[in-house]
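Biologist: I have a structure open on my screen and would like a close look at one part of it. Could you walk me through the disulfide and then the part of the chain around it?

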Amino acid sequence: MSGLLGEPAAARAPSSTWRSLTRRPELVTLLLIVALSLTIGLINDRFFSVQNGVDLLRSSIRTGIFALGVLTVLAAGGIDVSFTAIGVFALYVTTKLTMSVWPDAPFALMALASLAIGLGLGLVNGLIVYRFRVPSLIVTIGTQYVYRGALLAFVGTAYITDLPRAMDAFGRATLLQTTTADGIRVSLPAAFLVLVAVALLTWYVLRRTLLGRAVYAVGGSLPIAERLGFNVGRVLLFVFGYAGLLAGLGGLVHGAMNRQANPFDLVGSELDIIAAVVLGGARVTGGTGSVPGTLLGVVLVVIINNSLILMGVPSTWQKVVIGAIILVASGIFARRSATA
Amino acid sequence: MKRSVLVIGAVSLVTSGLVGGAVFAQAKKYDMVTVVKITGINWFNRMEQGVKKFATDTKMNATQTGPAQADAAQQAAIIEDLIARRPAAIAVVPFSPETLEPVLKKAMDRGIVVVTHEASNQKNTMWDVEAFDNTAFGARLMDRLSKCMGGSGKYAVFVGSLTSKTHNEWADGGINRQKAAYKGMQMVATKQETYDDADKAYERAKEILRAYPDIKGFQGSASTDVAGIGRAIEEAGLAGKTCVYGTSLPSIAGKYLDTGAVDGIGFWDPADAGYVMNKVAQMVLDGKKITNGMNLGIKGYNKVSVKGKVITGQAFVDVDKSNYKQYPF
């Protein structure tokens, strides 16, 4: 186990490369990304193109926003599988409400509504976990069903393809645009900025505030954290609330980019996102994990999920290949943990 | 189309469900109830129009009901309740044919006429009505795709999942037609799975565009496929250079038909299917025979083919930018 307050200073005698890798799990993820990219690039050189790079960044947006929330929960020693249900709940309720009340509402207002819904549902998770001392996996499996079920039963089952104007505009807004030699337009959406902002915020909270220290402390060892005087209840409320908050935002961004609010969406993709966080160096047992690592983990998972056609893997084999890559990667991480 | 039907449509109006009041059938005025997978979505609202039209045309007491949620157990419970009311006929669009076997058997044992739709493997039914032959439907989509592509170029095929029977029948129907009739075209990669998710279809389409920048066509199967493909095509600025066809509904694909990112979609009209189910039930009640090549009086069902218990029409609906607004579902 590394120190209670997260990983110890990397500078402490990195006697060998392996040792420095064990201290900086992000480096392992980075090496995996490089190895995988080289392999795919050898099979199909189109992998190293602007188009592919931009597409991968675009695909990282949604996974990244969700993953940073999951990271916060994992760091505190919990786990959350309800965040996709929270995301789709926030997306659908916000869209439906906006369409019926004020279709011309500014996007900022919609974002606020989504954030509020996400925060509320996340706090419910935190409250149950803390109050009843139930393992967070069980709690969030339960709330995933409840949130999704309530959405379908009480709010609606219909697809909304006619989106509020501001949401549609946000989904189409681009930061950069270029055209490839094949005449294919490539663009990086403005939503990418949301990921950047969320990453900076999460990094700041986890690394630069007392609350962040408390999160890693609780994740490292709950009894010790309590003895040290950390308010465990507040930490749990914070991490689940924060994960909910980001889930709400992620849901709305997903809907805007996907140009529809589909109440059956998202739920089912949580394992991909948790895998990204774990491949980014966070341990399911808590107390570890960093924002840069998580972002690299997201990139890794996105590359795995979006390169199978480039590699020419037949559809029936795609899941086998995804699973195998994740197993290999996690095997490397297990080795690291054992020696650390 | 079984699964995609779940995700179409409008607000789920939680209606009281069962239509109240037992009506005593007078001579030849039958009590007929159509039970759909889920109420309140556009697809089955449209079906209800067909059932109502049948009621008006024939003066039968034909109504439609169904669970507020797409749930096999709830649908079975509704049929169970119906049996107690002893209608003359029950027409069902099963959510899960297997789950309904016992309750439909019970209905038939009580002398109630049972007709199903989208359940060609249902055992306990008198007749199952299918809008069209799935292979022929897939081939028809390919014909339209090929015409748009000028009979040459690369194309890709998407399915909701490799285990979805109907999706793969459509996809294979198209692929086989291409191999037989359009030798200038070639399929790239294998059938891609999209999990009935527009975003997955989008990601797959983007990847196809990266791997095969000279791709000219796409054929989709899940109703969400063309929406995802359309988004990728629109983003890439290729609306005028590629052809996209697939099974979908105007409510899902409409805006992409408008921009030209999707060129055409195909489906069947649930209103006609609802009408024909009731018509078949009435014929059974009247003791009339249903035979191969028969005309059931609705467009697309003018010359049905009968194999075992399955009645199959040619009720294809081909839709593009010019006419999709005629089908508001």
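Modeller: Happy to! Let's begin with the bond itself: Cys148(B) and Cys243(B) form a disulfide, with 2.0 Å between their sulfur atoms. Please keep in mind that this is a predicted model. Counting over all chains, the structure holds 1 disulfide, so this pair is the one to look at, given that a disulfide is a pair of cysteine sulfur atoms within 2.5 Å.

Where do the two cysteines sit? The bond links distant parts of the chain, its two cysteines being 95 residues apart. Cys148(B) belongs to helix H4 of chain B, which covers residues 134–149, while Cys243(B) belongs to strand E10 of chain B, residues 243–247. If you look along the S-S bond, the torsion is about -80 degrees, and therefore the disulfide is left-handed.

Cys148(B) has a relative accessibility of 32%, so it counts as partly exposed. Cys243(B), in contrast, has a relative accessible area of 6% and is buried, because the cut-off for buried is under 20%.

Now let's step back to the domains. Chain B is divided into domain 1, made of 22–132 and 269–315, and domain 2, which runs over 134–267. Between the C-alpha centres of domain 1 of chain B and domain 2 of chain B there are 32 Å. How many residues meet where these domains touch? On the side of domain 1 of chain B there are 6 residues, in contact with 7 residues of domain 2 of chain B. Together, domain 1 of chain B and domain 2 of chain B bury about 480 Å², and 65% of that is on carbon and sulfur atoms. Of the area that domain 1 of chain B buries against domain 2 of chain B, 78% is supplied by Trp43(B), Phe132(B) and Asp269(B), more than by any other three residues.

How values were computed. Residues numbered from 1 in each chain as written. Chains lettered and ligands numbered in written order. Predicted model: local features only at pLDDT ≥ 70, side-chain atom pairs only at ≥ 80, totals over all residues. Heavy atoms only, no water. Helix = DSSP H or I, 4+ residues; strand = E, 2+ residues; numbered from the N terminus. Buried < 20%, exposed > 50% of the residue type's maximum accessible area, 1.4 Å probe, protein only. Domains from an automatic or database assignment. Contact = heavy atoms within 4.5 Å. Buried area = accessible area lost by both parts, 1.4 Å probe.
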